[in-house]
Structure formats: C-alpha cells, structure tokens
Amino acid sequence: MANTTYWQATRAPRYSLLFVAPLLVLYELLAFLLTHDAIEGVRNGADVLLKSLFFYLGGRYGVAVFGVLLLGTGAYLVWRDLRASGPLRRQFFAWMTLESVVYAAVFGSVVSLLTTLLLRGPSLLALQSGGTASLGLPTQLMVSLGAGIYEELLFRVILVGLLAKAGFVLFGWGPRAAGTIAAVVGALIFSAFHYIGPLGDHLELGSFLFRTIAGLLLSALYLIRGFGIAAWTHALYDVMLALSGVG
C-alpha cells in the first residue's frame, strides 16, 4: 500500500513541482553567476527559445512576465494539490532523488543498446551536444541542469501535450494513439533541436537516432513518473556526461 501511494503521489504537482524547484533555482543561479543575463550569453537552448518568445513581445519586461507565469503557475498547481491531498511526506523526496539517480545512471546504456540494435553497428555510448564540450565545466554543468528543466518543459510538457491534444481534438484519435504519435513526433523534434544553433552537434544518423530514442524514453518517463522525476533524470544524466568528459 505504501508503494502504491508513493508511485501515485509523486506524479502529482505537490511532489513533482516541489521536487524540481531546487533544480530550477540552481540552474538560474549558476546561469546568472556565469552570464549575468537572462537572454544573452550561453544558456540552455530550450531556455533561450522559451524566453526569447517573451523577449520579442515585451523586451526585458516580457522575460519578467515569463518568470512570473512560470513560478505563478507552478505555485498555484502545488497549492491546489496540497489543499486537495493534505500534507507532504518528506521521505518521498529522498526516494524520488534515489529513483532519479538510478534512472540517470542506466539511461545512457539503455539508449545506447537500443540504438545499437536498430543500427546493427558499433556501440554508441552516451552522447552530449558537441558544441558544449568546448565550454568550461561550470558552463557545461549549467547547461546540463537547464536541460532537465527547460527541455523537459518545452519538449515533454508543452510540445507532446499540445500534439496529443491536437491529435485528439482535430483528428479524432483515441488517447493512446494521440499520445503515441505525439511522443514519436516530439522525440524527432527533440533530437533535431540538438543540431541547431552555434552549439549544435554535427548531424549524423547514429547520434540523431540516439537522441530520438532518448526523447521517447524521457516522454515515457514523464507520462509514467511525472515531470519532477523526468527533469531530474535528464539533468543528472547530462551532468554525469559533463563530469566524465563525454561530449
């Protein structure tokens, strides 16, 4: 019964969003210390993309509006969930941390194995954007933390969510078909995103397929375990790559 409660509860906003809050704070603090700017300078690409939309609409005030919307929406969802579900169980956050570390530790090997089976070629171990490998370690760590927050927000929460909704409303697909197609399309876009811009990697079939499979697994993790676990798994995996010097 305790296990069932844990698996169900930790997908909810009161756990998922509170769990991811330190990751957001750590990324934004490190980004400020390294770049002193919310738009210019090196930041995670998904972060820049999301904030740029608001910057073009309202300049610096637009970026501030983005921050207010992000924090305000998260705070409201947590507040509403707490009112409906009661107090938190603090030990759940420790278990969520352990769960994310385990997923991150095996993530690259699983994706590499699946990629190798599909290509029937040499093993592709962990991949990271080639452009970030030329950056200093603090900047690599900052970008890695941002991947957990903003890439999961953009490609899983927003993109896959909107694609699934469009398939359900516009084409009349069932929830399972809409979700599956949205996850596949979202994974392809997620993979292509890593080859765009000055820090983008050189496009190759192996790395593109690797990242597409990674996107599919992260989508599955998001749907099964929630945003918090998916965000921390993604961030910790990228941090492990940065620390190991892979890129």
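Modeller: Glycine 172 comes after H5, and its phi is positive, near 70°. Helices here are DSSP runs of H or I with at least four residues, numbered from the N terminus. This is a predicted model, where local features need pLDDT of at least 70, side-chain atom pairs count only at pLDDT 80 or more, and totals for chains, interfaces and linings use all residues. Residues are numbered from 1 along each chain as its sequence is written, and side-chain values use heavy atoms, leaving out hydrogens and water.

Colleague: Where is the kink in helix H5 centred?

Modeller: On glutamate 152, with a kink of about 40° in H5 (residues 137-170). The bend is the angle between axes fitted to the seven residues ending at a residue and the seven starting there.

Colleague: Why is H5 called oblique to H6?

Modeller: H5 and H6 (residues 175-193) pack at an angle of about 140°, their axes 8 Å apart. Angles under 35 degrees are roughly parallel, over 145 roughly antiparallel, 65 to 115 roughly perpendicular, and the rest oblique. Therefore H5 counts as oblique to H6.

Colleague: And why does threonine 233 count as buried?

Modeller: Buried means under 20% relative accessible area, exposed over 50%, and partly exposed in between, with a 1.4 Å probe and protein chains only. Threonine 233 has 1% relative accessibility, so the residue counts as buried. Threonine 233 belongs to helix H8 (residues 227-244), and its side chain reaches the backbone oxygen of isoleucine 229 at 2.7 Å.

Note on methods:
Helices (H or I, at least four residues) and strands (E, at least two) are DSSP runs, numbered from the N terminus. A polar contact is a pair of N or O atoms within 3.5 Å; within protein, one must be able to donate a hydrogen and the other to accept it, and residues adjacent in sequence count only if both atoms are side-chain atoms. Axes are lines fitted to C-alpha atoms, for helices over the stretch in contact, and angles run from 0 to 180 degrees between N-to-C directions.
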